[in-house]
Amino acid sequence: RGDHSGADVCADDGGTPVCVQSDSGGAYAIDVAEGSYAVTVDMARYLDAEKPGVSVTVGNTTTLQPVTLLGGDANDDCLINILDLALMGGRFGASCGDANWDERADINNDCTINILDLAITGGNFGQSCPVPWN
């Protein structure tokens, strides 16, 4: 997937989470007060990731390692399983604008539901949320 925009990235200290969206390169910046946060990322068709215990101190920039989100969660239930493959299979071969088009089944976001989407899903079959963020 070449465009990484639209991922919701949130920092939560146990109060009200502060959320932003990633840009096309996957970058984001969240302005929060000093403290300890759980940082999560949520993107449609991908398993959510979480990094607990992120320390933020005054006057410093906290940089997190990149995280790889696992694609294939077409129905957004935090589990890549047969239900995702069934959703995709029922729309296999559809392209943007077709009567049976469903963007949830287009895992790689290329406007076609094909073997590439199934391969991504199959490669991550059985995985669940949250994906570790090392």
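Reader: What makes the nonpolar surface patch in this model, and what is its area?
Author: Ile 82, Leu 83 and Phe 125 make the patch, at about 310 Å². The model is predicted. Nonpolar side chains are joined in a patch within 5 Å, and each residue needs over 30% relative accessible area.

Reader: Where is Leu 83 found?
Author: Leu 83 is in helix 1, which covers residues 82–89.

Reader: Which residues of helix 1 are buried?
Author: Asp 84, Leu 87 and Met 88 are buried.

Reader: Why are these residues placed on the same side of helix 1?
Author: Because they cover an arc of only 95 degrees around the axis.

Reader: What do the buried residues of helix 1 pack against?
Author: They pack against strand 6 (71–73) and helix 2 (115–123).

Reader: What is found at the start of helix 1?
Author: A side-chain oxygen of Asn 81 reaches to within 3.0 Å of the backbone nitrogen of Leu 83. The cut-off for a polar contact is 3.5 Å, for a pair of N or O atoms.

Reader: Why is Asn 108 called buried?
Author: Its relative accessibility is 16%. Buried means under 20%. Therefore Asn 108 counts as buried.

Reader: Where is Asn 108 found?
Author: Asn 108 is in the loop between helix 1 and helix 2. Its C-alpha atom is separated by 22 Å from that of Glu 50, 58 residues apart along the chain.

Methods. Residues are numbered from 1 along each chain as its sequence is written. This is a predicted model: local features need pLDDT of at least 70, side-chain atom pairs count only at pLDDT 80 or more; totals for chains, interfaces and linings use all residues. Side-chain values use heavy atoms; hydrogens and water are left out. Patches are made of residues with over 30% relative accessible area and no salt bridge: like charges are joined within 9 Å, nonpolar side chains (Val, Leu, Ile, Met, Phe, Trp, Tyr) within 5 Å. Accessible areas come from the Shrake-Rupley method with a 1.4 Å probe; for residues, only the protein chains shown count as cover. A salt bridge is a side-chain nitrogen of Lys or Arg within 4 Å of a carboxyl oxygen of Asp or Glu. Helices (H or I, at least four residues) and strands (E, at least two) are DSSP runs, numbered from the N terminus. Buried means under 20% relative accessible area, exposed over 50%, partly exposed in between (1.4 Å probe, protein chains only). The arc is that of the directions from the helix axis to the C-beta atoms. Contact means heavy atoms within 4.5 Å. A polar contact is a pair of N or O atoms within 3.5 Å; within protein, one must be able to donate a hydrogen and the other to accept it, and residues adjacent in sequence count only if both atoms are side-chain atoms.
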